[in-house]
Amino acid sequence: MMVPWTGPILCMLLLAVLCHCEPTRSTEDLQPLLPKGACTNWMGGAPGHPGYNGAPGRDGRDGINGEKGEKGDTGLLGPKGDAGDAGVPGVEGPRGFPGLPGKKGEPGEAAYRYRSAFSVGLATRDPVPNVPIRFTKIFYNEQNHYDVTTGKFRCNFPGLYYFSYHITVYMKDVKVSLFKKDKAVIFTYDQFQDKNVDQASGSVLLYLESGEEVWLQVYGDGGQNGLYADNINDSIFSGFLLYHDVDQS
């Protein structure tokens with residue numbers, strides 16, 4: 001193995017030998033052949049080993065921004081993202097215009113109608129005092145809430161009722177009372193005028209519960225039972241339900 005520093009020494013020795021190999025030539029003859037400052041018959045030495053890479057230099061300065069490029073093509077639609085959190089409610093908007101009327105609904109079930117009414121007339125003269133007067137001439141009693149056998153109206157629907165009577169007075173004075181649950185509620189008295197047909201009447205609003213009864217009767221002795229009826233004169237007793245009390249049904 002050759003020692004690295006022996007290369008220059010061999011080169012110098014070789015140059016010395018070559019410089020003395022032709023002594024017969026003059027200095028003038030050698031002038032054109034040799035370069036200035038070199039020996040004749042000179043030979044180059046062997047190339048040396050490559051040197052080591054130097055350290056990287058420092059980064060250069062940032063260049064000037066280039067011109068804005070053209071807009072690229074639209075990319076593919078990405079997958080749908082997760083739903084975000086609900087935002088804060090916005091301010092209430094202005095009131096809109098009324099919408100179009102909806103379609104007519106289906107007919108509903110008919111509501112139950114509470115009906116109770118009667119209107120009856122006297123068919124005989126001189127009714128017995130202190131008992132219910134039996135009005136047997138029927139003008140209206142579709143629900144049969146008035147009992148012609150007892151002369152009493154019986155409440156079937158709790159609520160407010162209107163009762164009235166209009167009687168013809170003839171031959172005697174009349175004093176009648178409208179009763180509710182064996183208690184007189186109102187009285188009507190009419191004094192008969194000789195050779196004259198008179199009229200007397202009365203009316204009242206009563207609240208009745210189911211099962212309560214109302215009737216008309218002569219009050220006092222038989223001297224005040226001048227109720228009269230014939231083919232041209234009537235004595236009438238009537239009543240009907242004004243409104244039903246649904247809370248008591």
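Me: Where is Phe240 found?
Reply: Phe240 is found in strand 10. Strands here are DSSP runs of E with at least two residues, helices are runs of H or I with at least four, and both are numbered from the N terminus. The model is predicted, so local features need pLDDT of at least 70 and side-chain atom pairs count only at pLDDT 80 or more, while totals for chains, interfaces and linings use all residues. Residues are numbered from 1 along each chain as its sequence is written, and side-chain values use heavy atoms, with hydrogens and water left out.

Me: Is Phe240 buried, partly exposed or exposed?
Reply: Phe240 is partly exposed, with a relative accessible area of 35%. Buried means under 20% relative accessible area, exposed means over 50%, and partly exposed lies in between, with a 1.4 Å probe and protein chains only.

Me: Which residues form the nonpolar patch on the surface?
Reply: Leu205, Phe240, Leu242 and Tyr243 form it, with about 400 Å² of accessible area together. Strand 10, residues 236-244, gives the largest share, three residues.

Me: What counts as a patch?
Reply: Patches are made of residues with over 30% relative accessible area and no salt bridge; nonpolar side chains (Val, Leu, Ile, Met, Phe, Trp, Tyr) are joined within 5 Å, and like charges within 9 Å. A salt bridge is a side-chain nitrogen of Lys or Arg within 4 Å of a carboxyl oxygen of Asp or Glu. The areas come from the Shrake-Rupley method with a 1.4 Å probe, and for residues only the protein chains shown count as cover.

Me: Now the inside. Which residues touch the most other members of the largest nonpolar core?
Reply: Of its 30 residues, these are Phe135, Tyr161, Phe163, Leu178, Leu208, Leu227 and Phe237. Strand 5 (159-180) is among the elements that give two or more residues to this core, and strand 5 gives the most, with eight. A nonpolar core is a set of buried Ala, Val, Leu, Ile, Met, Phe, Trp, Tyr and Cys residues joined through side-chain atoms within 4.5 Å.

Me: What does Phe163 touch?
Reply: Not counting residues up to four places away in sequence, Phe163 touches residues including Phe118, Leu178, Leu208 and Phe237. Contact means heavy atoms within 4.5 Å.

Me: Where is Asn144, and what is its phi?
Reply: Asn144 is found in the loop between strand 2 (137-140) and strand 3 (146-147). Its phi is near 55°, a positive value in a residue other than glycine.

Me: How many helices and strands does the chain have?
Reply: There are two helices and ten strands.
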